[in-house]
Amino acid sequence: MYTFRRGRTKSTGGAVTSDLNERAFDGASNEELSWNPTVENAMLSSKAVEILEFLRWYARERLDSRRMDERRSIDLGVVPDFASAGLLGLQVPRQYQGLELNYRDTFRIMEQLGAIDCNLFVMTAVQNAVGIPPIMHHASEQVKADVLPLLAQGKSLTTSAASEPGMGSNLRGMTTYATRNWDGSYTINGTKRWISLGAASRYLNVFTRLCDEQGRELGYTGFVVDTATPGFTAGPELLTLGLKAVPQNILTFKDMRVPAEWMLGTEGEGIEAANAAFMLARLVLAAGSLGAMKRSLEVAARYAARRTVATGLLVENGRTQQILTDAVAATQAVETLLDHITSQLDMGEQPPELLYFVAKIVATEEMFTVVDRSLQTLGARGFLDTNIVGPFFRDYRLFRIFEGATEAITVYVGKMIHRNPAGFGELVHALPASPQVTYLVEEAASFTARRAVTEQEQHILFNVLGDLLCWSVLAALTSSTAYRSEMHEYTAQWCEHKLRQRLTEARRDVRLELPNVPTLINHIAGYEETIGNVDQRRPDEEHCVDPLLMR
């Protein structure tokens, strides 16, 4: 890994760069950019190493992913086993019986889980990244003392309930509301959807709109709720394409009373509490994606090194070698980015918020490409559900949607950059980068000066800016690590090529003239003339108790 100290920025002919960039590429030795794999491993705590060994043993000796997938439930022994190992309270302070691990330890454990089983990764990630942090950072001291030990020991599970039938990651679109009562308590009404572990959790962080006693809007507020409270209903479970062992539930709140002391922070702080949790979750998703990439490539390489085709061993086929090498480059680029963010967090620095989005976008998109390429390398074996990569293909597909679909958050990132054009250069030029990448970044940043006429053109421009920022960050970071090995050098060249490619696409995209919406929709509706009406009308299985048998 590398660590770096933020250098002073200075002007060089209109381009902003850092003194670190010059020291990184002047050919001189630079202690701040030294890297040694042994040092990296040594930076993990003994407890983290112990958990990694436990997880590897558990995968070999106890885990049956296929059975969990078929039964749509996690094996009964997983939760107590994970709780005993400390996996359900990774960053909870020791005073609340957690492990109090740093970010490097936590993300490394999440990477390991991502390489083993997506269901176990999501269960652990929801508890540690989405469920616990709002309580840890925003709940009252009494609630922390009562709830955090139960969560850290795995005696209870937790999650956050934010998304709803009409909105996903756009928290300001929620309709669930809480009303302040005259006695100081609050009453919650509404419905939440796509809540991982929703029915399995004893404690929920529920985010709502808030109204006072007269019905006046007071902003957004979060509450910790005990699901044993009257007015809470869990279900039904959504039948997902993959990730079948982790329930995704619809949750209903009807006149559910919550004491004032169970509020997260103060009235109106709900968005801040939710955002903080989801930002961390985006990094955790990147760590899990990294594990999935490494495991998929490991399986693909095993096969390619053993499978004989017309040209000899599959791995010796030039095209196969190119595919695997590009996939390794993508994996290494994601790892470099996550390592950079982790180093900042563990040094007590707060990375720019946009980097969290960049990590989520790049990691999940490149992960799915790597998994897909690995499946393709396996040929017919890849399409067998009994092999490793096929289930990965189904399970990890959701990561491109979790915590904000790629398209939505790329546009959001672009919108933020367009509002503050200087932010593009400030973010990327704070990173060590080679001179040729710095030149490309300058061209990418120039797109912030473009203006769009229609709202649709704006959306396209914002997507272009968000995409260019992602690849500018990757190209900058990997260019500074090219000296480490032959593979690092290839990764740097690959990321630089991707940035050049994105610039070419950007020039085209900002000039696109799309057909109007009626033309588009009517054209697609015309497909019925060739495929007919094929909506299935056969009744589904009945899952509800007969009304005549109910109370």
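This is a predicted model: local features need pLDDT of at least 70, side-chain atom pairs count only at pLDDT 80 or more; totals for chains, interfaces and linings use all residues.

Visitor: Which helix gives the largest share of the nonpolar patch?
Guide: Helix α18 (residues 517-525) does, with four residues. Helices here are DSSP runs of H or I, at least four residues; strands are runs of E, at least two, and both are numbered from the N terminus.

Visitor: Which residues make the patch?
Guide: V517, L520, I521, I524, Y527 and I531 make a nonpolar surface of about 580 Å². Patch residues have over 30% relative accessible area and no salt bridge; like charges are joined within 9 Å, nonpolar side chains (Val, Leu, Ile, Met, Phe, Trp, Tyr) within 5 Å. A salt bridge is a side-chain nitrogen of Lys or Arg within 4 Å of a carboxyl oxygen of Asp or Glu. Areas come from the Shrake-Rupley method with a 1.4 Å probe, and for residues only the protein chains shown count as cover.

Visitor: New topic. How many aromatic pairs are there?
Guide: The count is 16. Rings of Phe, Tyr and Trp (its six-membered ring) pair if their centres lie within 6.5 Å; planes under 30 degrees apart are stacked, over 60 edge-to-face, the rest tilted. Y186 and F223 have centres 5.1 Å apart and planes at 55°, so they are tilted. Y186 is in strand β5 (residues 186-196) and F223 in strand β7 (residues 217-226), 37 residues apart. Both Y186 and F223 are buried.

Visitor: What about W471 and W494?
Guide: W471 and W494 are an edge-to-face pair, 5.7 Å centre to centre with 70° between the planes. W471 is buried at 3% relative accessible area, and W494 is buried at 9%.

Visitor: And strand β6, how many of its residues are buried?
Guide: Eight of nine, in residues 203-211.

Visitor: How do β6 and β7 run?
Guide: Antiparallel, joined by eight bridges. Strands pair if DSSP finds at least two bridges between them. R209 has Y220 in β7 as its bridge partner.

Note on methods
Residues are numbered from 1 along each chain as its sequence is written. Side-chain values use heavy atoms; hydrogens and water are left out. Buried means under 20% relative accessible area, exposed over 50%, partly exposed in between (1.4 Å probe, protein chains only).
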